[in-house]
Each structure stands twice: as C-alpha cells, then as structure tokens.
Amino acid sequence: MGRSNGLASRQLARDGRTRERNPISHAIDVTRPSGARMYNWLLGGKDNYASDRRACAQLLKLAPSTRDLALTNRLFLKRVVRVLAEKCGVRQFLDHGSGLPTQDNVHQVAQRVDRSARVVYIDNDPTVLAHGRTLLDENDETAVIQADMTDTERIFGDKDVNGLIDFDRPVAALFVSVLHCLTDEEDPAGLVQRVAQRLAPGSFLVICQLTSDDARFRAEATEFMRQSTGRWGRVRERHEVDAFFHEMDVVPPGLMEVSKWLPDTELAPRQRSCEWVEYGGVGQTRQARV
Ligand SMILES: C[S@@+](CC[C@H](N)C(=O)[O-])C[C@H]1O[C@@H](n2cnc3c(N)ncnc32)[C@H](O)[C@@H]1O
C-alpha cells in the first residue's frame with residue numbers, strides 16, 4: 001500500500017522544519033554538558049568531561065536516585081533486547097538515541113542470541129559517533145549514524161541503514177530513555193507513529209522515558225536539564241507515555257517502571273528513592289504497512 005501524498009508531504013515538511021531547528025553539530029563541545037556524556041558518567045563510564053561531571057553532581061542533589069535510575073534503565077534495555085531476540089525472533093534493531101557505547105551494547109546482546117543480528121545506532125551527539133565507529137569497525141552487522149532521531153526521512157533514506165535493515169521484515173525500534181529529550185513541539189508521539197508506519201507489521205517499539213507524579217519536581221528537573229544541556233524536552237506523566245503506544249498492541253507484562261519489566265530475579269536492582277522513574281514497555285505494530 002502506498003503512503004498518501006498528503007501524509008508524505010506533511011512528513012517531509014515536518015522533517016525539513018526539524019533539520020532547520022536542530023542542526024547537527026559535528027564538533028565536540030567539552031565546555032557544555034551533554035546528555036549522552038552525563039548518562040555515560042552516571043553509568044560509571046569514562047567518556048565524559050568536567051562539565052558533564054559538574055552537571056551530574058548538581059543533578060544528584062536535585063534527584064539522588066538518578067544513578068540507580070540510569071543503571072536500572074540500562075539493565076532494562078539489555079533485558080528487552082535479549083527477550084525480543086530470544087522469544088520473539090527479532091534480528092534487526094534500530095536504536096534511536098543510542099548513547100555512548102558501554103558494556104553490553106544492543107548488538108552484543110542480540111548477537112549473543114544470533115551472530116547475524118543487525119543493529120543501527122542513531123544519535124545526534126558527535127561523541128557517540130566518534131566512539132561508536134571505533135567500537136563497531138570490526139562488526140559488519142552494525143552501523144552508527146549521526147542524525148536527529150526526529151529526522152525520519154534522513155534515517156530511513158540512509159544508505160547504511162538500508163544496507164543493513166530489511167524493512168520488509170520485523171524490526172525492533174528502540175526509544176529507550178530518549179523521548180524526554182524531545183519537546184512537545186518536536187512531537188514525540190508523531191515520531192513514534194511515523195516510525196511505526198514504516199516498519200513491517202508485527203514489528204516492535206520499545207519506549208520508555210523519564211516520568212514523575214510530582215508536578216513541582218517535573219518542572220524543576222525539566223528546567224535543570226534544559227539549562228544544562230541547552231536542548232531538552234520534558235519529564236512527563238505516565239499517562240502521556242501510555243499515549244505513545246496508540247494503535248499498537250502492548251506486549252505483556254505491560255507498561256510499568258522498567259525495573260519491574262520481566263526482571264531476571266526477585267533481587268533485580270531497584271532505585272532506592274524515586275523522584276523520577278523510567279516508565280514504559282513494548283508495543284507491537286498491527287497496521288498494514290504504508
Ligand atoms: C539517556 S541517553 C539513553 C541512551 C540509551 N538509549 C540507553 O537507554 O541506554 C539519551 C541519548 O539520546 C540522545 N539524543 C537526545 N536527543 C536526540 C535527538 N534529537 N536525536 C538523536 N539522539 C538524541 C542523546 O545524545 C543521548 O545519547
């Protein structure tokens with residue numbers, strides 16, 4: 001089935017506006033904190049600078065649970081990729097906002113299940129591209145591209161993406177801990193829908209983002225991240241994340257704080273305090289391909 005011209009031109013116009021608003025930077029600015037490098041520090045990584053560490057120290061005063069939150073989020077990412085590969089037979093992954101390479105990246109987890117599993121990493125941070133290329137140089141089944149995740153036309157038109165991913169077969173599109181980086185104006189729900197419409201029926205979307213039930217905390221944390229990194233979205237409420245799964249079947253066990261999603265053991269790590277949590281789960285597309 002072909003996509004209607006009206007929808008296609010609306011999407012092209014929106015992607016064009018995104019490019020104008022969010023030009024990609026190819027230079028690494030170590031003086032300003034970056035979300036990717038702050039997350040790397042929270043996970044215990046070494047690919048970060050003094051500006052990132054200073055911002056993390058301030059963030060931990062505002063939200064002391066953030067280190068636990070990052071670790072439990074990363075465990076969720078690994079678990080969900082393993083479950084999708086092992087139990088659902090997924091062999092292709094598009095990782096939007098992949099972050100800096102750390103231990104057990106998506107391709108390593110998926111290729112432990114099947115050596116031929118293919119993974120494309122997408123991030124707009126130039127540090128991710130630099131470190132990702134080094135890590136992936138010897139793995140023919142993976143690619144890393146520097147792109148704004150909202151630029152769906154660019155990503156789905158990319159030569160490396162099309163060389164690796166067969167869009168006639170199911171794909172898992174990952175949006176793990178990234179949609180809070182987008183403002184409402186950048187339309188995270190629209191992004192998820194655009195991507196879902198381009199995937200083969202039966203594909204999966206993994207979505208979680210930062211949420212809080214406390215309106216004051218939501219406002220403070222959003223302001224802090226915007227001020228620190230220069231560009232950030234919003235801490236949302238859980239019902240707003242539920243809406244991202246519109247027109248998808250939610251895969252059991254459902255949508256929840258991610259450390260509760262199919263934990264490997266009763267003793268799986270949990271946050272010690274919960275100013276904010278990563279909330280989400282997995283959806284499966286059912287619509288005919290457009
Ligand atoms: C908290 S990290 C999450 C990393 C990884 N998905 C995980 O869960 O372990 C958020 C990542 O999203 C990236 N990001 C933020 N906004 C983006 C955008 N508009 N396009 C592409 N990547 C983006 C950041 O650079 C960062 O690497």
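Helices (H or I, at least four residues) and strands (E, at least two) are DSSP runs, numbered from the N terminus. The model described here is predicted: local features need pLDDT of at least 70, side-chain atom pairs count only at pLDDT 80 or more, and totals for chains, interfaces and linings use all residues. Residues are numbered from 1 along each chain as its sequence is written, and side-chain values use heavy atoms, with hydrogens and water left out.

**The ligand and its shell**

Helix H4 contributes three residues to the shell around the ligand, the largest share. H4 spans 66–88, and H2 (35–42) likewise supplies at least two shell residues. Around the ligand are 20 residues, with Tyr39, Arg74, Gly97, Asp123 and Met149 coming nearest; a residue is near if one of its heavy atoms lies within 4 Å of the molecule.

The table lists polar contacts, which are pairs of N or O atoms within 3.5 Å; within protein, one must be able to donate a hydrogen and the other to accept it, and residues adjacent in sequence count only if both atoms are side-chain atoms.

| Residue atom | Ligand atom | Distance |
|---|---|---|
| Tyr39, polar side-chain atom | oxygen | 2.6 Å |
| Val176, polar backbone atom | nitrogen | 2.8 Å |
| Arg231, polar side-chain atom | nitrogen | 3.3 Å |

Of the 600 Å² of accessible area that the ligand has on its own, the protein covers 94% (Shrake-Rupley method with a 1.4 Å probe; for residues, only the protein chains shown count as cover).

By class, the shell has nine nonpolar, six polar and five charged residues. Ala, Val, Leu, Ile, Met, Phe, Trp, Tyr, Cys and Pro count as nonpolar, Asp, Glu, Lys and Arg as charged, and the others, Gly among them, as polar.
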